[in-house]
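Here is a short briefing on a protein model. Look over the sequence and fold first, then read the points below.

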Amino acid sequence: MSDVDTIISDSADLIAAYALDLDEVRDALVTAVFGASAPAKATESAGRVEA
């Protein structure tokens, strides 16, 4: 999950500028990084990084 957290951290200014929902961004990234077969608990166990 560190890849997802790194992407979110690096993109925090854009996430805020476009008023994106952080949970939706995280879910989209988890799907993009891990594919459709990502474990259901992947987003629950990820450390939350506030944008």
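**Overall fold**

Residues 24 or more positions apart make up 49% of the protein's contacts with a separation of 6 or more, a contact being heavy atoms within 4.5 Å. This is a predicted model: local features need pLDDT of at least 70, side-chain atom pairs count only at pLDDT 80 or more, and totals for chains, interfaces and linings use all residues. Residues are numbered from 1 along each chain as its sequence is written, and side-chain values use heavy atoms, with hydrogens and water left out.

**Secondary structure**
- The protein has four helices and zero strands (DSSP runs numbered from the N terminus: helices are H or I, at least four residues; strands are E, at least two).
- From the N terminus, the order is α-α-α-α.

**Surface and burial**
- Of the 51 residues, 24% are buried (under 20% relative accessible area, 1.4 Å probe, protein chains only).
- The accessible surface is about 3500 Å², with 53% belonging to carbon and sulfur atoms (Shrake-Rupley method, 1.4 Å probe).

**Nonpolar core**
- The largest nonpolar core has seven residues: Val4, Ile8, Ile15, Leu22, Val25, Leu29 and Val30 (buried Ala, Val, Leu, Ile, Met, Phe, Trp, Tyr and Cys joined through side-chain atoms within 4.5 Å).
- Helix 1 and helix 3 each give two or more residues to this core.
- Helix 3 supplies the largest share, four residues.

**Salt bridge**
- The structure holds one salt bridge (a side-chain nitrogen of Lys or Arg within 4 Å of a carboxyl oxygen of Asp or Glu).
- Arg26 and Asp5 form it through their side chains, at 2.7 Å, N to O.
- Arg26 lies in helix 3 (residues 22-34) and Asp5 in helix 1 (residues 2-10), so the pair ties together parts 21 residues apart in sequence.
- Both Arg26 and Asp5 are buried.

Conventions: Buried < 20%, exposed > 50% of the residue type's maximum accessible area, 1.4 Å probe, protein only.
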